[in-house]
Amino acid sequence: MAQLQAISCSSTNLLFHKANRGSFLHPDKVYSSKKLSSFPEMGMKVSELNGHTIVHSNMNLTRARKNQAIQAVLTGDKETEASSSGDGRVLRKKLNKVVLAYSGGLDTSVIVPWLRENYDCDVVCFTADVGQGSIELEGLEQKAKASGASQLVVKDLKEEFVRDYIFPCLRAGAIYERKYLLGTSMARPVIAKAMVDVASEVGADAVSHGCTGKGNDQVRFELTFFALNPELNVVAPWREWEIRGREDAIEYAKKHNVPVPVTKKSIYSRDRNLWHLSHEGDILEDPANEPKEDMYMMSVNPEDAPNQPEYVEIGIVSGLPVSLNGEKLSPASLLLELNEIGGRHGIGRVDMVENRLVGMKSRGVYETPGGTILFTAARELESLTLDRETIQVKDSLALKYAELVYAGRWFDPLRESMDAFMEKITATTTGSVRLKLYKGSVTVTGRTSPYSLYRQDISSFESGQIYDQADAAGFIRLYGLPMRVRAMLEK
């Protein structure tokens, strides 16, 4: 069998047989060269390559142009061959400007000179205020510039975080693996989205983060980057550099005259925002160990909470909280107030072993005082406003919704479509819920809604005009028919 000339083209292009210039091959047809003149009229292009004739369809040309655009984006994901910077250094890739997610800690302080050294780029540090506290934001600009950054951009994202990320998850009832209220998972996409915006504002061609290669956060950041601007280069130093721990980082900082943060190193790995505070590491790595009481920062020990309960009333409109004890508050202000109230009653402590997205199990302890109160209130109001079938479907979808958020797929069309469903079915979830807080527990004491499906005249044990108790006999006979038939067969 004669060989075919190897060429680079779509599989549906038409190739002439090397041994026979009078015919050419198609995946399922052989054509005569006499028909070549008709191809331009059919919207096809005829060309020559190394003495062989190729017929391209317009559809293939369009597809090729799209593939070239996609390939250009994908090429940006790969490191180019090492090049010289001109001063003897070997560069991984030449970048113009990188926006770095910056906290001011040791890791991100070291990343700044590392990016400049390895990518010959300008570094713009970015810090998002998502409610981590003023202490973590103090002196950041001086630290960033001392590390070699050209500037620091700080954005207050607290209201956006609560309104556009936390409240939709609350409305959906999204809880990961029965316990986790998704505090860190919800914060990453709002930060990453802001980074993409800043990259556009300052003309950066890349973004960078300090997430390790073992955690979930690297996925959450990068999926957001891909979804919002796939042309941005992404640099993840922990997956590239030779630094393997704190001592290596300190040594690198000294070598590059980077001031090492003098704050005391916590024995725990923590993440704090307006929704929660997480704790990992140290003795928590053994699931058999009880957490030490001095670890907690947002809540008191329930045993030490006030001996008198406190009552709060949460106002909700269309599935979203709007007021506390009759006072309308902004989303962030409402949550901040509930964190303080819940914290002093020891509300919202969770100790769990979870399955990370990357495959391993991890043990974490979470403090979510205000969030726990809000979840209880929303669920209790839904008991009035949603029927049985709707609640069952909503609960089943909430599991998938939580999984998507945990996995960093916030901007996935599936989550967005599910969110539209959640918004629609909770349109009538409006009313108020009264809760009692006492020594770590949240108990509902009252619920009201103008759209309540609960009817006292129907639910009462007394006979009424709408519900005739005698009707139940026929219903039970029909409902239990399959069981009666099976019992008759067994006899």
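Reading the labels in a predicted model

User: What makes Leu182 count as buried in this predicted model?
Analyst: Leu182 has 0% relative accessibility. Buried means under 20%, so Leu182 counts as buried.

User: Where is Leu182 found, and what is its phi?
Analyst: Leu182 is in the loop between α4 (158-172) and α5. Its phi is near 65 degrees, a positive value in a residue other than glycine.

User: Why is Lys439 called partly exposed?
Analyst: Its relative accessible area is 25%. Buried requires under 20% and exposed over 50%; partly exposed is in between. Lys439 therefore counts as partly exposed. Lys439 lies in the loop between β20 (431-438) and β21. Its phi is positive too, about 45 degrees, although Lys439 is not a glycine.

User: Why does Ser449 count as buried?
Analyst: Ser449 has 15% relative accessibility. The cut-off is under 20%, so Ser449 is buried. Ser449 sits in the loop between β21 (441-448) and α12 (456-459).

User: Which residues are in contact with Ser449, leaving aside its neighbours within four places in sequence?
Analyst: They are Leu381, Leu384, Thr385, Thr428, Thr430 and Gly431.

User: What makes Ser449 and Tyr451 a polar contact?
Analyst: A polar atom of the Ser449 side chain lies 3.1 Å from the backbone nitrogen of Tyr451.

User: Which residues of α5 meet α6?
Analyst: Among them are Thr184, Arg188, Ile191, Met195 and Val196. On the α6 side, the residues met include Arg220, Phe221, Phe225 and Leu228.

User: How do you know that β13 and β14 pair?
Analyst: Pairing needs at least two bridges. β13 and strand β14 (residues 277-280) have four, in the antiparallel sense. Arg270 stands opposite His279 in β14.

User: In what order do the strands of this sheet run, and why are β13 and β18 at the edges?
Analyst: The four strands form an open sheet in the order β13-β14-β19-β18, with antiparallel pairing. β13 (269-272) and β18 (349-355) each have a single partner strand, so one side of each is left without a neighbour in the sheet. From one strand to the next, the twist averages 25 degrees.

Definitions and conventions: Residues are numbered from 1 along each chain as its sequence is written. This is a predicted model: local features need pLDDT of at least 70, side-chain atom pairs count only at pLDDT 80 or more; totals for chains, interfaces and linings use all residues. Side-chain values use heavy atoms; hydrogens and water are left out. Helices (H or I, at least four residues) and strands (E, at least two) are DSSP runs, numbered from the N terminus. Axes are lines fitted to C-alpha atoms, for helices over the stretch in contact, and angles run from 0 to 180 degrees between N-to-C directions. Buried means under 20% relative accessible area, exposed over 50%, partly exposed in between (1.4 Å probe, protein chains only). A polar contact is a pair of N or O atoms within 3.5 Å; within protein, one must be able to donate a hydrogen and the other to accept it, and residues adjacent in sequence count only if both atoms are side-chain atoms. Contact means heavy atoms within 4.5 Å.
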